[in-house]
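Here is a brief report on a pocket and on helix packing. Look over the model first, then read on.

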Amino acid sequence: KNSAAVVACMSGSMAVFGLGFLVVAVSLRQAEALKLAFGSCNKQDLDQSYWQTILERAPDVWLWGGDIVYGDKPGLLFPPGRSGSNAADDPMVDGSTYTCLGGIVCFTAGTPNHMRAQYAKQNETEGYQVLAQAVSRVLGIWDDHDMGVNDGDSRYKWREESKQALLDFLGEPLYSPRRQRSGVWDSWLAPGPAGRRVAFHLLDVRHNKMPYGDPNGDFLGEEQWAWLEESLQAVRDEAAVNVVVSGLQVLRPWPRGGEVWARFPAARARLLRTLAASRARGLVLLSGDVHMAQLSALRCGDVVVHELTSSGLTHSLAELAFPAQWIARLMLWIFPQHHLLADTWFKRNFGELEIDVDENGAATVQGRIISVHPDRSRGRIVVERAFPQLSAGESWDASACEPIMGAESPKEFWLRLGLVVASSCIIAVVFSIVLAVVICPLCCSRSSVTSKSHQE
């Protein structure tokens, strides 16, 4: 009897286990899921309490989208002096050891020792340590401040030393091919069944970037262009979703201040052609840099290319002193916004992609922006949208791409600009009248009273 009972119990347990295994197997067959959290623009000396908010979203992967730390030092009109053991004997050379923004704000480049110290400080942050241990993978790419200098490019003196400091921070093995490249670009294919995986292609827009001024300038360099083509082709049969990461925004038009791919129109057009010719499935762009969050899209025939921008983990445009933040908002309003799918979020934030791939390889991608601002909005989803009409494995015509809301007539831009100029003139006139009618007589009256008192 006891033996029969044991057999019955074992049979029941095996049946339950088998049913459980069947349920899990069916679940895996139905959808492969991955949740990615990403962010950029993180000053290592500022409030880092936002990591708990990211942890509560339970991401599978964390992605640094650039400006992991800030290693340069800003100053007005002139680059401030450097500190560090390897700084004293280096001359100040524009583009190499300092840069200036509009001749007003100048940045002294971070030296190798200084950059390593900033990465070490960020790596010791308790909240970040907890997140890094909780996720299955930490990915990362740099932008300018974590390479070492604002708006940095190939002229930056210590880019090779900074590259090794970044890769040490990311835990890249010493034998990694990434350490031998002329840049920090990389790719990663998430685990999963063939045809249902997610591929990440991380672009380096700094190491080989040319100085601005030439419309035929380049961000990547020929070696990286060749790698990108190979990287996209290599996963065509494996990946249902291809996430391309750039420190700078790809789809946002220029001029509008700041750095975007459109400042090198030829390079931007080449990137779109490369993506179109690759026939990669489920193309999605991620970017950072701009201290605000945006969701942009281009319609390229039957394909829609989406770009989710998350920037400002520790600081954002909303925290600029008046009137700087209103000037930034005004500039965004003046220039065309037809590439936007949602309102711009100006406060601190991080981004999220939730990806599901069914048993037929069809992908569903949901993009979100989540506030980490230290107010009532923290933890709230402020932008959320599904990404329809993703690329499906066929080539598409990059020359046919236009903003998702349609091309804007130049007349609309000039109308908005004229409205701003007219409003400014009216305000200036009103201020002059107030000054002449109210303030000047008061000053004259006080001056007269003072004069009379002296005479008495």
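## Pocket and helix packing

The largest pocket is lined by 36 residues, and those nearest its centre are Leu-101, Asn-150, His-291, Leu-317 and Leu-320. This is a predicted model. The largest pocket holds about 1300 Å³ of space. By class, its lining has 16 nonpolar, eight polar and 12 charged residues.

Two elements can be named in the lining. Strand E5 (105–108) and helix H8 (324–334) each give at least two residues to the largest pocket. H8 supplies the largest share of that lining, with five residues.

Now the helix pairs. Two packed helices are described by the angle between their axes and the distance between the axes. The table lists both values for two pairs.

| Pair | Residues | Angle | Axis distance |
|---|---|---|---|
| H3 and H5 | 112–123 and 159–169 | about 15° | 9 Å |
| H6 and H7 | 222–234 and 265–278 | about 25° | 9 Å |

Take H3 and H5. Their axes pack at an angle of about 15°. Angles under 35 degrees count as roughly parallel, so H3 and H5 are roughly parallel to each other. H3 crosses H5 in a right-handed sense. On the H3 side, the contact uses Pro-112, Met-115, Arg-116, Tyr-119, Gln-122 and Asn-123. On the H5 side, it uses Glu-161, Ser-162, Gln-164, Ala-165, Leu-166, Asp-168 and Phe-169. The residues of this H3 contact with H5 divide into six nonpolar, four polar and three charged.

Next come H6 and H7. Their angle is about 25°, and H6 and H7 are therefore roughly parallel to each other. The crossing of H6 and H7 is right-handed. Which residues of H6 meet H7? They are Glu-222, Trp-225, Leu-228, Glu-229, Leu-232 and Gln-233. Their partners in H7 are Ala-267, Arg-270, Leu-271, Thr-274, Leu-275, Ala-277 and Ser-278. The contact of H6 with H7 has seven nonpolar, three polar and three charged residues.

Methods: Residues numbered from 1 in each chain as written. Predicted model: local features only at pLDDT ≥ 70, side-chain atom pairs only at ≥ 80, totals over all residues. Heavy atoms only, no water. Axes fitted to C-alpha atoms, helices over the stretch in contact; angles between N-to-C directions. Helix = DSSP H or I, 4+ residues; strand = E, 2+ residues; numbered from the N terminus. Parallel < 35°, antiparallel > 145°, perpendicular 65-115°, else oblique. Left-handed = near helix turned anticlockwise from the far one by under 90°. Contact = heavy atoms within 4.5 Å. Nonpolar A, V, L, I, M, F, W, Y, C, P; charged D, E, K, R; others polar. 1 Å grid on protein atoms, 1.4 Å probe; cavity = no way out; pocket = protein on both sides within 12 Å on 5 of 7 lines; lining within 4 Å. Points joined across faces, edges and corners; volume = space filled by probe spheres on them.
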